[in-house]
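Please keep the sequence and the 3D view at hand while reading.

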Amino acid sequence: MMGLDDSIGHFLDGLDQAGRKRVLRPVEPLPAGRVRVGGRELVNFSSNDYLGLSRHPEVVERSRRWLNEFGAGSGASRLVTGHLAAMEALEAKIARAKQTEAALILASGWQCNASVLPALLDKALWGAEPLVFADKLIHASLHAGLELSGARRYRYRHDDFDHLESLLAAHAGKPGPRFIVTETVFSMDGDVTDMAALAALARRWDAFLYVDEAHATGVLGPQGFGLSPGMGADIAMGTFSKGMGSFGAYVACSARLRELLINRASGLIYATGLPPATLGAIDAALDLVPRLEGERTRLQLMARHLREGLRAAGLDTGPSACQIVPLVLGDERRTLDMARALEARGLLGIAIRPPTVPPGTSRIRFALSAVHSDADIERLLAAILECMETVR
């Protein structure tokens, strides 16, 4: 029998040969959408810091102030002594922004989806097994939450509402509540869900709607608080680690659902509360985001310019319609070669490969930020077109 490390080494060799092995690389964040990697300064086109709030003076200062006032850590889970009064005020602020009765803060987006969905889809809550209709391309954390829930799952073709409706119709006679689970912005393709059409479909079939707003929060929708406010979503989650610039996640929902999650969501019950410095950063971002309409507009204009330039050259940017612009290259090795070629020109674009994306759709996922300059975008576009001449 092979030893533990021998078995692991054999498996890792297989990943390497397939062009799918991943490694961690130390990165030093710098201002203006830059990072230092291996001693070199690169323009960072792979960060989810869409508005540059991670280094915004107001965010940094309030984080520092809350650190000094409340200490370095919360000290316990929220159900013990980790529920700071300031956190409750934050949740009320989130609920107002999302136009819901209540909100609940959790430690991360993954933890949120992986613990909220099992609590929500518990058969004991409904007296019958829930039926879940999920977009095929939802995030891994949503898949994990659904797997843990044990609910019956039906996957509809990505963003295909006709297929979704046909599945709902086919199972109309079965007992149990219906849930539709999707994202409003899909992180690998950058496409945006038609919330009005989806909400209307959910109402038509008496289905509850659970939406993941991780990549919409901060950058899309009324005052930047995502696409779900006022659209009829029953549960909307999102993160503070992307457009909001810091860390953590939220669920925006009814007051009763919040109460249920406090009692049943393992990710809240068994996890230490977020540290005060993080909560201060969240508080500042919530105040800032409504004032950043100009930055949001400029961000989307830059993304449109990049898409148009790439498409004019016959390159595949998929269905992108926001600040996420993929360059779909297909083959893993080719995608890695493109990432290396861009890095040699001072540009950081991380290669995204299976299993994160389907086989044959490896890509460079460009994530733009409002702190990028127009010159940065022109430089990126010119470098991509140049690299395409040599990366085959």
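The bridge partner of Asn44 in β12 is Leu348. Strand β3, covering residues 40–44, pairs with β12 in the parallel sense over two bridges; two strands count as paired if DSSP finds at least two bridges between them. The model is a predicted one, in which local features need pLDDT of at least 70 and side-chain atom pairs count only at pLDDT 80 or more, while totals for chains, interfaces and linings use all residues. Residues are numbered from 1 along each chain as its sequence is written, and side-chain values use heavy atoms, with hydrogens and water left out.

These two strands belong to an open sheet of four strands in the order β1-β2-β3-β12, with mixed pairing. At its edges lie β1 (28–30) and β12 (347–348), each of which pairs on one side only. Strands (E, at least two residues) and helices (H or I, at least four residues) are DSSP runs, numbered from the N terminus.

Helix α10 spans residues 255–264, and Leu257, Arg258 and Leu261 are buried in this helix. Seen down the axis of α10, the buried residues fall within an arc of 105°, so they line one face of the helix. The arc is that of the directions from the helix axis to the C-beta atoms. On the face turned away from the buried side, α10 carries the exposed residues Arg256 and Asn263. Buried means under 20% relative accessible area and exposed over 50%, with a 1.4 Å probe and protein chains only.

How many cavities of 30 Å³ or more does a search of the whole structure find? The search finds two. A cavity is a set of points on a 1 Å grid over the protein atoms alone where a 1.4 Å probe fits but cannot get out, and lining residues have an atom within 4 Å of a point. A volume is the space filled by probe spheres set on the points.

| Cavity | Volume | Lining by class |
|---|---|---|
| Largest | about 80 Å³ | seven nonpolar, four polar, one charged |

The lining of the largest cavity includes Arg78, Met87 and Gln111. Both β4 (102–106) and α11 (266–269) supply at least two residues of this lining. The second largest cavity is lined by residues including Phe225, Phe240 and Tyr250. Helix α4 (residues 85–98) gives the most to that lining, with three residues.

How values were computed. 1 Å grid on protein atoms, 1.4 Å probe; cavity = no way out; pocket = protein on both sides within 12 Å on 5 of 7 lines; lining within 4 Å. Nonpolar A, V, L, I, M, F, W, Y, C, P; charged D, E, K, R; others polar.
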